[in-house]
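Here is a short briefing on a structure, for use beside the sequence and the 3D view. The points are grouped by topic.

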Amino acid sequence: MNTNLKISNVTKIYPGCVANDNVSLEFNSGKIYALLGENGAGKSTLVKILSGVIIPDEGKIYLNENNLKLNSPLDAKKNDIGMVFQHFNLFETLSVFENLIIDSDEERESLREKIDSIMKKYNFSIDLDIPVLNLSAGQKQKVEIIRCLIRNPKVLIMDEPTSVLTEQETSELFLSLKKFSEEGILIIYITHKLKEVMELCDEVAVMRRGKLVSVSEIKNENIESLANKMVGQNLKTIRKKKEKTSSDQLINIINLNFISEDPFETNLSDINFSVNRGECLGIAGISGNGQSELFQVLSGEIISDKNSIEFNKNYIGDLNPQERREYLMAFSPEDRLEQAAIPQMAIFENVALNNFKSSNFFNNGLINENKIKEHSKKIISDFNVNTDNIELKSQFLSGGNLQKLIIGRELITSPDLLICFNPTWGLDVGAINYIHETLIKINEQNKSIILISTDTDELLKLSDKISVIHKGKLSKIMNADEVTSEKLGILMGGGN
Amino acid sequence: MIIDINFIGLIIASIMASAVPLILASCGELITERSGVLNLGVEGMMIIGAISGFALMTVTGSLIIAVFGAMLAGVLISTIFAFLTQTLITNHVATGLALTIFGIGISAMIGKNFVGIPGKEFPVLFESLKDTIPLLGPILFGHSIVFYFAFALPFITSYFLKKTKIGLIVRAVGDSPESASNQGINVRLVRYACILYGGSMSGLAGAYLSMIYTPQWIENMTGGRGWIALALVVFSTWNPIKILIGAMIFGGLTIIQFHMQAIGVRIPVQFLTALPYIVTIVVLVVISRDSRKIRLSTPSSLGKSFHKDN
């Protein structure tokens, strides 16, 4: 039986933001639909409306010509719309089976049989009697999918399902989704990853700033055309001008070692490198090979031997991050919400945390709020952070905006060296582009960057020199224009 | 020295009797906490139950009205807590503390007229069987209905949480109210129900004190038992059977230290009085060390307000 889902003139307005502006869309079963957009484009709001979590201000939803009243998630379930959320809706301390039986009216035994047959059919293997917190992210997602399948859904919505999956798990998921689609389930796939759209979907709807900008078939699109639609401007392909950099040495790491007491951390051994002014040193590697430890040693979160780090002719290996900032170093850690910013604090308060010496943020132990706010507004406008409310808690900023704020906070002190760790991890194309442009600009101002990243494309684009970290050891330092991504791949795997 | 075996039985029975209010209040609070609500008002709800039970018994003369009235009083006062924390989204800790202070104050005010009035005798069951079995006879027989209910309650609670659908829903709400709400569970309703149930059990625990255990009204007669009940819930890691063990240890040491004082053991009285508190907590911590099990039974959302936003 064919399923037809129609969204008609849906509008949802939040204070200060139109999340969905008069959106109309139509879906038919047998195809996999992509709903594409940057973070904050309104695609999550739209699917939350479809699943009854959010009630729209205006507009109607029709399933096979019937007007649906979706006032709660229960209504969506009753109308055969299943949804797998980006953040899992599971009860971590309950067993898998308890998670599945909780919203089912069936008897234990018959439900168990049903689950077993679903798992057999789609080749899932999950122990039903262990608590959910012992499952991997991929397995948790399968539990969510089983939960939907138990109810024989007509529509299955997946909200950014691959953000927590490994590549192996992602390809397994794609196989399952294709199978569901062949069986007549209408699939709506929400993402900002262009590659996935090209690989999986038949049709794509692009959203931008709450509005639907285009609906088209995948065969008429390519990655560039979709990226341009998503961002709303023709993306410049940025490429760094490779100029001769100065030979004026800024930072020199001499025989740096770090031995961790934590068995899950990587030891660093005999790290030696130097970075000149105006240069970007890229450090590639598969995550977990010592990048996090290297970042912490460079930033001063882990203190090392005084003489192992020479910065601007001072030995600073034994200084903490605050003291290193005074020598004009700046840091952008990997985890934006845990390490770089405090989620529950307002934007301007987070700005004040980087209390550099010349800031005058504090007078005699009192907070100089006007000064901090003025300074925060400058960061927001200089670095294109998309909000004008500096009292907003930083947890409500999207990843891209938060990263811009953090980079801005670090750069406004005009440091000589910026050390960043996966600065564009999890960001959408527009934000990535902006961050890349900013980093290139820093180099052009004769300031230096150490870029630790797991994204090889990014490293090749931005670095002047590249080294690879593997099991806590650095490879020899190579000029970026002599390196190919294949060669990096071999070094990252531990080869020569 | 020959000790009558029935005397040992009597001591054990008196230990069990002193554990009854702790078991009742703890098992009630356990359900409340399992739904994610931290109600620090147990002491207040208990003392309200104690005065309500005693006052109703004196005024109406009916024990049944008095017992159920005390439970109803616990429900009513916990309704205030539920309304504040669930509807007005106030902070659980502050509201619970206020509830305790309120309960102690209002019970003292109502209780003024009931000081010095003797209580009524509460009927006991199986009195005639008491002497039929040595040692076990005084332990098993001749107690009030509330006594038997209290010792069944941990097992009922455990069964309810593990085996029933509603128990599963309570645990789910305590684990993640957001997920539960997205699954179509009415989080506020579940939490209201759990708070009111906890209130009724605290009320019953108070009534047991003022009507059965020491049948009279004394101001502040709960004497911190509500706080011990709260501690039992936490240190038992939300496990009803361990609550039973903890309550028995606490009751046992309380009784034994009385006897030690009476015999004149040369240990400072203050230390003896403090002993049950320390030992109970140490024992429960030791038997609940498994961090994986603690993680699995701790309600993740405990004490956090939940309100659905659209």
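A:H470 stands opposite A:K473 in strand β22(A). Two bridges join strand β21(A) to β22(A), and the two run antiparallel. This is a predicted model.

**Strand β21 of chain A and its partners**

- β21(A) and β22(A) form a hairpin with two residues between them. In the turn, A:K471 has a positive phi of about 50 degrees.
- β21(A) also pairs with strand β23 (residues 478-479) of chain A. That pairing is antiparallel and spans two bridges.
- In β23(A), A:M478 is the residue opposite A:I466.
- Strand β13 (residues 280-284) of chain A runs parallel to β21(A), and four bridges join them.
- A:S467 in β21(A) has A:I283 opposite.
- Five of the six residues of β21 (residues 465-470) of chain A are buried, so this strand is largely enclosed by the rest of the structure.

**Helix α1 of chain A**

- Helix α1 (residues 43-50) of chain A is largely enclosed by the rest of the structure, because eight of its eight residues are buried.
- The buried residues include the charged pair A:K43 and A:K48. Among the others are A:L46, A:V47, A:I49 and A:L50.
- A:S44 and A:T45 are buried in α1(A) too.
- A:G52 follows α1(A) and has a positive phi, near 80 degrees.

**The largest nonpolar core**

- The largest nonpolar core has 209 residues.
- Which residues have the most contacts inside this core? They are A:I188, A:Y189, B:I23, B:L24 and B:Y208.
- Helix α9 (residues 187-213) of chain B gives the most to the core, with 15 residues.
- Domain 1 (4-231) and domain 2 (249-492) of chain A both give residues to this core, so the core lies between them.
- B:Y208 touches B:V20, B:P21, B:L24, B:V146 and B:Y213, leaving aside residues up to four places away in sequence.

**Where chain A meets chain B**

- How many residues of chain A are in contact with chain B? There are 17, and they meet 13 residues of chain B.
- Helix α2 (residues 73-78) of chain A gives the most to the side of chain A that touches chain B, with three residues.
- That side of chain A has 10 nonpolar residues, three polar and four charged.

Definitions and conventions: Residues numbered from 1 in each chain as written. Chains lettered and ligands numbered in written order. Predicted model: local features only at pLDDT ≥ 70, side-chain atom pairs only at ≥ 80, totals over all residues. Contact = placed C-beta atoms within 7 Å. Core = buried A, V, L, I, M, F, W, Y, C linked by C-beta atoms within 7 Å. Buried ≥ 20, exposed ≤ 12 C-beta atoms within 10 Å, placed from the backbone. Domains from an automatic or database assignment. Pairing = 2+ DSSP bridges.
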